[in-house]
Amino acid sequence: MAGFRALAREVRNPRNTIALRRTSLRKCLERFAPYGHRATWRHLCARAGLAPDDRAPDPALLISALAELEEAREVWLTYEAGFAGRRRREKHDGIRQPSAVDDWHRNTWGGCDIVPCASPDVTPDARLADVLRRVIAAMESAPGEACPVCAQERIEWRTDLERYPLEGPVCTDCGIVVPVSVLTPAALFAARRYAFAERYATV
Ligand SMILES: [Zn+2]
């Protein structure tokens, strides 16, 4: 199975057919897709100006989508390397307390669904690398009241998510499933109340 870098080379290779170059980019998403496969594809297409179903897109647009993905992957690999180093040191020092970050990390190792989106049609507007930087910064600081990506506080507790986690707080603006550990208990309570009020309003 080809790795991410080998696939990225196939996307850039002008001697390949455009169909192969596009397929290679889709395969890159099997190796790294922070929002989940479909949502990441839609996001990259929207940012690069690619039509998601265009089988013969402009190669320059494919490469621009790839560049955004690669930039985000670098941010993530740097974070993972730092995390692994920290774990090794903790193990060496005999500290083995699993933390909330560990929980998040266990489910994101490898780089898929790092920040899953509740719907593939709603993803943050910002560049993928910036979104990852914001989520990592939130993970490494004290819990807050707002979405770590777009900083607004209307967060709704959803119980109908399709993949892990099957329920959780979802930002009503940028659409990400907010990692529980970055929110305060008060913010989580508000998210559940918001969901209840929404349901009540539609009855
Ligand atoms: Zn948000």
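**Helix packing and selected residues**

Mentor: H3 and H4 pack with their axes 9 Å apart, at an angle of about 125 degrees. Axes here are lines fitted to C-alpha atoms, for helices over the stretch in contact, and angles run from 0 to 180 degrees between N-to-C directions. Helices (H or I, at least four residues) and strands (E, at least two) are DSSP runs, numbered from the N terminus.

Trainee: Is H3 oblique or parallel to H4?
Mentor: The angle makes H3 oblique to H4. Angles under 35 degrees count as roughly parallel, over 145 as roughly antiparallel, 65 to 115 as roughly perpendicular and the rest as oblique.

Trainee: Which residues make the contact?
Mentor: H3 contributes Leu-44, Cys-45, Arg-47 and Ala-48, and H4 contributes Leu-61, Ser-64, Ala-65, Glu-68 and Leu-69. Two residues are in contact if their C-beta atoms, placed from the backbone, lie within 7 Å.

Trainee: How should I treat the model and its numbering?
Mentor: This is a predicted model: local features need pLDDT of at least 70, side-chain atom pairs count only at pLDDT 80 or more, and totals for chains, interfaces and linings use all residues. Residues are numbered from 1 along each chain as its sequence is written.

Trainee: On to H4 and H6, then. At what angle do their axes cross?
Mentor: They cross at roughly 20 degrees, and the axes come within 7 Å. That makes H4 roughly parallel to H6. On the H4 side, the contact is made by Glu-68, Leu-69, Glu-71, Ala-72, Val-75, Trp-76 and Tyr-79; on the H6 side, by Leu-128, Ala-129, Leu-132, Arg-133 and Ile-136.

Trainee: Which residues of H6 are buried?
Mentor: Leu-128, Val-131, Leu-132, Val-135, Ile-136 and Ala-138 are buried in H6. A residue is buried if 20 or more other C-beta atoms lie within 10 Å of its own, exposed if 12 or fewer, and partly exposed in between, with C-beta atoms placed from the backbone.

Trainee: Where do they lie around the helix?
Mentor: Seen down the axis of H6, its buried residues fall within an arc of 160 degrees, so they line one face of the helix. The arc is that of the directions from the helix axis to the C-beta atoms. These buried residues pack against helix H3 (37-48) and helix H4 (59-92).

Trainee: What is buried in H1?
Mentor: Leu-7, Ala-8 and Val-11 are buried in H1. Seen down the axis of H1, these buried residues fall within an arc of 105 degrees, so they line one face of the helix. On the other side of H1, Arg-5 and Arg-9 are exposed. The buried residues of H1 pack against H2 and H4.

Trainee: And in H2, which residues are buried?
Mentor: Arg-21, Arg-22, Ser-24, Leu-25, Cys-28 and Leu-29 are the buried residues of H2. They cover an arc of only 155 degrees around the axis, which puts them on the same side of H2. Ala-19 and Arg-26, on the other side of H2, are exposed. What covers the buried residues of H2 includes H1, H3 and H4.

Trainee: Changing topic: where is Ala-51?
Mentor: Ala-51 is in the loop between H3 and H4. It counts as exposed because it has 10 C-beta neighbours inside 10 Å. Leaving aside neighbours within four places in sequence, Ala-51 is in contact with Cys-45 and Pro-57.

Trainee: What about the phi of Ala-151?
Mentor: Phi of Ala-151 is near 70 degrees, a positive value in a residue other than glycine. Most residues other than glycine have a negative phi. Ala-151 is in the loop between H6 and strand E1 (155-158). With 13 other C-beta atoms within 10 Å, Ala-151 is partly exposed.

Trainee: Lastly, is Arg-193 buried or exposed?
Mentor: Arg-193 counts as exposed, with 12 C-beta neighbours inside 10 Å. Arg-193 is in helix H7 (residues 185-202).
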